Amino acid sequence: MRTTVRLDEDLMRQVKEYAARKNRTVTSIMEDSLRQLLERERRDAVDGPRADLIVFSGDGLHVGIDLDDRSTWAEDAEAEDAEHFRAVDHVDA
């Protein structure tokens, strides 16, 4: 089946260069890209959005931390969250 697709000229130039470097056709690059997009969309619809899981290690709670008493850990947790988000914002900038 023959279909006409109109693409941004700069994008098309990049795709052609990529295809040449990989010794592939533009069609094969576009087909693979579209398959990946559709698969990712399907996974997101089934599994929901992906999230990074933050894992901590160590030997337990710090001295003076009582999980039942928010006042012993809330300030440190909020400061750590703020630091994490500042780092993420910096990377995205």
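**Briefing: helix 1 and the overall chain**

At the start of helix 1 (9-22), a side-chain oxygen of Asp8 lies within 3.1 Å of the backbone nitrogen of Asp10. The model is predicted, so local features need pLDDT of at least 70 and side-chain atom pairs pLDDT 80 or more, while totals for chains, interfaces and linings use all residues. Residues are numbered from 1 along each chain as its sequence is written, and side-chain values use heavy atoms, without hydrogens and water.

**Helix 1**
- Helix 1 comprises 14 residues and spans 20 Å from first to last C-alpha, close to the 20 Å expected at 1.5 Å a residue (1.5 Å times one less than the number of residues).

**Surface around Val5**
- Val5 is located in the segment before helix 1, and its 52% relative accessibility is why Val5 counts as exposed (over 50% relative accessible area; buried is under 20%, partly exposed in between, with a 1.4 Å probe and protein chains only).
- Together with Leu7 and Leu11, Val5 forms a nonpolar surface patch with about 240 Å² of accessible area.
- Such patches take residues with over 30% relative accessible area and no salt bridge, nonpolar side chains being joined within 5 Å and like charges within 9 Å; a salt bridge places a side-chain nitrogen of Lys or Arg within 4 Å of a carboxyl oxygen of Asp or Glu.

**Whole chain**
- The protein chain has 3 helices and 0 strands (DSSP runs: H or I, at least four residues; E, at least two).
- Buried residues account for 6% of the 93 residues in the protein chain.
- The C-alpha atoms fill a box of roughly 70 × 30 × 25 Å along the principal axes.

Methods
Areas by Shrake-Rupley, 256 points an atom, 1.4 Å probe, with all protein chains shown as cover. Polar contact = N/O pair within 3.5 Å; in protein donor to acceptor, adjacent residues only side chain to side chain.
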